[in-house]
Amino acid sequence: MSSTATLTPMETKPAEHATRTAVSVNRADKIFTLSRGKKLQALAEVDLEVREGEFVAIIGPSGCGKSTVLRLAAGLDRPTNGTVEIFGAAPHELATQHRLGVAFQEHALLPWASVRSNIALPYKVAGRKVDDARVDGLIELVGLKGFEKARPKQLSGGMRQRVSIARALALSPDLLLLDEPFGALDAVTRRRMNAELARIWGEEKITTILVTHDVDEALILADRVVVMTGRPGRVRTIKNVDFPRPRDAATTRSPEFHELVDELTSLLDANDGDAA
Amino acid sequence: MTRARSIGMGIVHLWPIALLLLSWDAWVVLNGYTSTVAPRPWFVIADVFTGFADYVPSILYTLGMALGGLVGGTLIGFVGAVLVWWSAALSGVVTPAALIIRSVPITALIPIIARIVGYGDPAVLASTMLICFFPAFVFTLSGLAAIPEAGRDLFTVLGANKLQVLSRLGVLYALPNLMVSVRITAPSAVLAAMLAEFLMGTSGLGALFSQARSYMDMERSWGTALVATVVSVLVFVGAQLMERRVESRLT
Amino acid sequence: MNTPTRTSVKVAYSLAGGALLILAAQLIGQFGLAGRAWPPVMDVVSYVTTPAGASLLWRNTLVTFSSAAQGFLLGAVIAVLGAALALVVPIIRPGMDRFAAILHAVPTIALAPLLITTVGREDAPAVIAALSVGFVMFVTMASGFANTSSAHQDLFTVIGANRTRRLARLELPRAVPAFFDGLTLSAPAAILGATIGEWFGAPMGLGLVIVSAMQNYQMALLWAAAMAATIMSLLAYLVFIQLQRVAMRRFT
Ligand SMILES: Nc1ncnc2c1ncn2[C@@H]1O[C@H](COP(=O)(O)OP(=O)(O)OP(=O)(O)O)[C@@H](O)[C@H]1O
Ligand SMILES: [Mg+2]
């Protein structure tokens, strides 16, 4: 175990005017039981604290347990040891109150429903009247105007991901969990979507956890970046990102930005050294 | 211990049958039916056990006809499919025939077969064979159609002739499908045999059923229904086991 | 090698094949290759065109159709409700699955005595049709419901769906292709079930006509009735296979 792995979020100062704790993961282990009684430890003693209104990005090598952390926060899985609390309550309570927005890695759109109905689904499931103006706004936001009536199989992979982001935002959730939402996008669209997400977040200040493989993306969007190590997944280090917002091309060209990118990238590489 | 447990759970999951027997009994008792109208389940079961010797010849006959038809019909279907696969011209003509045969209700087929072949064993066997023929034909053909081009190309490169492609690749792809067809048709074969026997009244469970009905012997008639159900379920379970065996062998 | 020409070649082949089959049936009948029980096709057709023959067939076809249709509706509704119940109350699921498998294997003729005492001779055809349809529908719907996608289930969990909304907005629409698969499979089963029911003393119906024509050696009538039953079954199959294709396109 590297010395930095024991760093807790507490040691790094939270960004700006901190308020309530939105997400708190305490010494969470996750052990999956595979076939024939074999066990796989996906997470080991993960600590993570996210304050209300904060944007946290999680990066780490493939298979290190990033999606598993999000599933714990969404109440889809329980930790084997340790605790997970969302706004001081059990995670699934946020879901039952329809205050949670999740964009899954495999986007999970309903194949029989149009783009519009997919985005409006959270309203219907919550038993609320669909806010047409907001749905239209979201469609415009994710750049799918003109595709309202299209069905998922008529869309490209990137377009489907954007629908799934719009759906996650539909009910203006109190907590937004994004699992590699821009994975299928080309670099140009990806940066544009990054900028849009930064803008929405700036407007609505939704507490957000974003899982990504893209270090630049993490630094453009997040207040803090959590670096995880693989097998079992641990929090290796947490970096504050203090660049002023909005972070435009000037920010990404600055030497400080590049320095941070290099540092985080080398931390990701160093994981291989740990594993060996 | 886990084995005993799983057997235990298997029995627990038969609750719908227990429920059915109890409601059958309650229905007879509450309506005050005499045994000439509707017998109680226990008397029917008792008749099956005490008079089992009377049932045995009929069971064996129906079972033989069903299995014979199943094996014969499946083989003919398999051979027919291979022939069609072999010749491109044949396959064009076969499609409409296949569509029509698939839609003929057995109840319309059996009387015609009975008239053409004459009352007796050949008519029963021909009925069960015809029922099993068609699914076997279709499933074999779709199995042969699923041989990937790459596999065929490999064999062509190796200089194999069509017979070798068939025996090496075709069997691999067609056999699992053929077993699916056997499982699907197994209960239909029993049904077809019984319908033919019932109509012609010669021998077998269908004939026993028809006789018991004309003598108003309700316990025997319901007993035959019970025995036929058990036979059919056993044939089905047997076919299912065989399908799994073949599948685990080939994959 | 574009698709339109390939389909038209297929259709041409099928038409040629159909014509060939009819010709073969005619020749077998004409030369008496299969004995007196195989009449030439033209004899059957000319029987159907006589007013008496046409009206006899038509009336009995309607009776069988209505029993089959009633049974089809009843069986499909009950089976879908049963499968949905097994989905919502998982504890009864293994029992119901096994029960359906056993019922599926029951030779329908074995149910006849039960049905004649319970529902009577006249309704037995519809009920036997309903039972045949019900088994097929239950099995296909249960497997349609079991074929869930965990990503969609997770989605409905995180947006806080309650049991009814999950059923209505995810599980039911997802099972629509399976539903039409089931209908396609059970359309012939409904007609078979209805005709079996008619063997047990129903006052009218194609099943009855077929048996009495067989016993009285009325070959033209026997063949005509068998053809009527076949055509009905074929049409039902063709209609439902089209619906199934539409459903497949719409729901996946
Ligand atoms: N339901 C499960 N059952 C068994 N093992 C699982 C399950 N879910 C995840 N795992 C295992 O847990 C580990 C972490 O998986 P996770 O999906 O969280 O990785 P990830 O960091 O999101 O990877 P990626 O970047 O590739 O999406 C993996 O080794 C995976 O095999
Ligand atoms: Mg992941």
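**Chain C and its two partners**

Going from the N terminus, the elements of chain C read α-α-α-α-α-α-α-α-α-α-α. This is a predicted model, where local features need pLDDT of at least 70, side-chain atom pairs count only at pLDDT 80 or more, and totals for chains, interfaces and linings use all residues. Residues are numbered from 1 along each chain as its sequence is written, chains are lettered from A in the order in which they are written, and side-chain values use heavy atoms, with hydrogens and water left out.

**View 1. Chain C by itself.** Chain C has eleven helices and zero strands (DSSP runs: H or I of at least four residues for helices, E of at least two for strands). Of the 252 residues in chain C, 52% are buried (under 20% relative accessible area, with a 1.4 Å probe and protein chains only).

**View 2. Chain C against chain B.** Here 50 residues of chain C meet 46 residues of chain B (contact is heavy atoms within 4.5 Å). The two chains bury about 4,400 Å² between them, 80% of it on carbon and sulfur atoms (accessible area, 1.4 Å probe, lost on being put together and summed over both parts). On the chain C side, C:Ile109, C:Trp199 and C:Met214 lose the most area to chain B, together 15% of what that side buries.

**View 3. What sits on the chain C side facing chain B.** Helices giving two or more residues to this side include H1 (3–30), H9 (176–198) and H11 (219–251) of chain C. H11(C) gives the most, with ten residues. By class, this side has 37 nonpolar, twelve polar and one charged residues (Ala, Val, Leu, Ile, Met, Phe, Trp, Tyr, Cys and Pro are nonpolar; Asp, Glu, Lys and Arg charged; the others, Gly among them, polar).

**View 4. Chain A against chain C.** Now 24 residues of chain A touch 19 residues of chain C, burying about 1,900 Å², with 65% from carbon and sulfur atoms. A:Leu76, A:Trp112 and A:Val125 supply 33% of the area that chain A buries here, more than any other three residues.

**View 5. The salt bridge between chains A and C.** One salt bridge turns up across this interface (a side-chain nitrogen of Lys or Arg within 4 Å of a carboxyl oxygen of Asp or Glu). The side chains of A:Arg71 and C:Asp154 make it, at 2.6 Å from N to O. For chain C and chain B, the salt-bridge count is zero.

Technical notes:
Buried < 20%, exposed > 50% of the residue type's maximum accessible area, 1.4 Å probe, protein only.
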